[in-house]
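Here is a short briefing on a two-chain model. Keep the structure in view and find each part as it comes up.

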Amino acid sequence: MKKAILWAPLAMFLIFAAMVAGKLYAPGDSSIVSHMVGKPLPAFALPAGMPDRPGLANTDFAKGKPRLLNIFASWCVPCAAEAPQLVELRKAGVEIDAIAIRDRPEDIAEFLKRYGDPYARIGSDANSSVQVAMGSSGVPESFVIDGQGIIRHQHIGDIRPENVPDILAAIRAAQ
Amino acid sequence: MKRAAILIGLIGWAATAQADSLMPADPMADTQLSDPAKEAQAKALMENLRCVVCQGQSIADSDAELAGDMRAMVRRRIAAGEKPEAIRAWMVARYGDWISFRPPVEPLTWPLWAAPILFLLVGLWLARGRFRRRGR
């Protein structure tokens, strides 16, 4: 019994070291899932991010058809990486609106000219307040909103080519 | 002129490396409220809310832009008369219990609350023999 207790500190240290090594080897997924999925969009009305099209309000969504809400920024590198997939989704008939985080009209225009323009509406969220109200923790993130204005699906990070079928499936499921 | 160009280049490089926007921070992010009581409430809440970018830091400590925007939001809502607990609940409804540094007492977190008491009891039990021997 006494001997066993002598070994206890070493055993505890080994358990601790194994836990640290395990996390170093496989850090796990640190993305933060929004708890707004399944709930109605929060009320918001954002001014236009670009002069050539309207801004974005939550009332633009509850119109019977599912839409994809893409949270992006012209200064965000992964947003440029996902742009081709958004263009592809648009070609597949998906209606896409955007919230531009901390952005300027001229920068958004330049970004869309370079990487493609799939957006029907762009709202400008200059102080990230709507992003926080959506439970989103970064750019890019995309939400599938059904025809009643309920958030049905969240995609965290850039939409890669292999994610396109998932997004299309989520849009179909929200029909 | 050349030096300025290098400097601008470096600034551009730093901006892309950190992936921050070109917009200035919200003025409320780093400006205290004029009412000290309200600022104290806001500060206490900011220290309790976890930054969703830096994750280990509170929004009071974090330099992330989103943390700055959250600080500004907290200050505005406190200034408008909202109770800190209501704002905390609003954040939890969006990001889950994870967003707050104060874990709720529920079956899943009972070990967390019980562990210190348990370790103290184990320590007392281990030390018990020593006290007895010294007593003799």
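**The sheet of chain A**

Five strands of chain A form an open sheet in the order β5-β4-β3-β6-β7, with mixed pairing. The model is predicted.

- β5 and β7 (151-156) of chain A are the edge strands. Each has a single partner strand, so one side of each is left without a neighbour in the sheet.
- On average, neighbouring strands of this sheet are turned by 20° against each other, direction ignored.

**Strand β6(A) and its two partners**

- β3(A) and β6(A) pair in the antiparallel sense, over five bridges.
- Which residue of β6(A) is the bridge partner of Leu69(A)? The partner is Phe143(A).
- Asn70(A) stands opposite Ser142(A) in β6(A).
- β6(A) also pairs with β7(A), in the antiparallel sense and over five bridges.
- The hairpin of β6(A) and β7(A) has five residues between the strands. Gly149(A) in this hairpin takes a positive phi near 85°.
- Is β6(A) mostly covered or mostly open? β6(A) is mostly covered, with five of its five residues buried.
- In a regular strand, side chains alternate between the two faces of the sheet.
- In β6(A), Glu141(A), Phe143(A) and Ile145(A) point one way. Ser142(A) and Val144(A) point the other way. All of these residues are buried.

- Arg67(A) is found in strand β3 of chain A.
- Why does Arg67(A) count as buried? Arg67(A) has 22 C-beta neighbours inside 10 Å, and the cut-off for burial is 20 or more.
- Set aside the neighbours within four places in sequence. Arg67(A) is then in contact with Phe61(A), Glu95(A), Asp97(A) and Ile145(A).
- Arg67(A) and Arg160(A) are 93 residues apart in sequence. In space they are 19 Å apart, C-alpha to C-alpha.

**The nonpolar cores**

- In soluble globular proteins, nonpolar side chains tend to be buried together.
- The largest nonpolar core holds 35 residues. Phe72(A), Ala73(A), Ile99(A), Ala100(A), Ile122(A), Val139(A) and Ile145(A) touch the most other members.
- Several elements of chain A each supply at least two residues of this core. Among them are the strands β3 (67-72), β4 (96-101), β5 (119-125) and β6 (141-145).
- Now look at Val139(A), leaving aside its neighbours within four places in sequence. Val139(A) is in contact with Ile71(A), Phe72(A), Ala73(A), Cys76(A), Cys79(A) and Ile101(A).
- A second, separate core has 19 residues. Cys51(B), Val52(B), Ile78(B) and Met91(B) are included in this second core.

**Chain B: helices and no strands**

- Chain B has five helices and zero strands. From the N terminus on, its elements run α-α-α-α-α.
- Chain B has 136 residues, and 21% of them count as buried.
- Take the contacts in chain B between residues at least 6 apart in sequence. Of these, 49% join residues at least 24 apart.

**Where the chains meet**

- The contact takes 19 residues from chain B and 20 residues from chain A.
- On the chain B side, α3 (65-79) and α4 (84-95) are the elements that give two or more residues.
- Which helix gives the most to that side? α3(B) does, with six residues.
- The chain B side divides into 12 nonpolar, three polar and four charged residues.

**A closer look at α3(B)**

- α3(B) has 15 residues, which should span 21 Å at 1.5 Å a residue. Its end C-alpha atoms are 21 Å apart, so the span agrees.
- How many of the 15 residues of α3(B) are buried? The count is 12, and the helix is mostly covered.
- The buried residues of α3(B) include Glu65(B), Asp69(B), Met73(B) and Ile78(B).
- These buried residues pack against α4 (129-133) of chain A. They also pack against α2 (36-48) and α4 of chain B.
- Gly81(B) follows α3(B), and its phi is positive, near 100°.

Note on methods: Residues are numbered from 1 along each chain as its sequence is written. Chains are lettered from A and ligands numbered from 1 in the order in which they are written. This is a predicted model: local features need pLDDT of at least 70, side-chain atom pairs count only at pLDDT 80 or more; totals for chains, interfaces and linings use all residues. A nonpolar core is a set of buried Ala, Val, Leu, Ile, Met, Phe, Trp, Tyr and Cys residues joined through C-beta atoms within 7 Å. Helices (H or I, at least four residues) and strands (E, at least two) are DSSP runs, numbered from the N terminus. Two residues are in contact if their C-beta atoms, placed from the backbone, lie within 7 Å. Ala, Val, Leu, Ile, Met, Phe, Trp, Tyr, Cys and Pro count as nonpolar, Asp, Glu, Lys and Arg as charged, and the others, Gly among them, as polar. The expected span of a helix is 1.5 Å times one less than its number of residues. Two strands pair if DSSP finds at least two bridges between them. Axes are lines fitted to C-alpha atoms, for helices over the stretch in contact, and angles run from 0 to 180 degrees between N-to-C directions.
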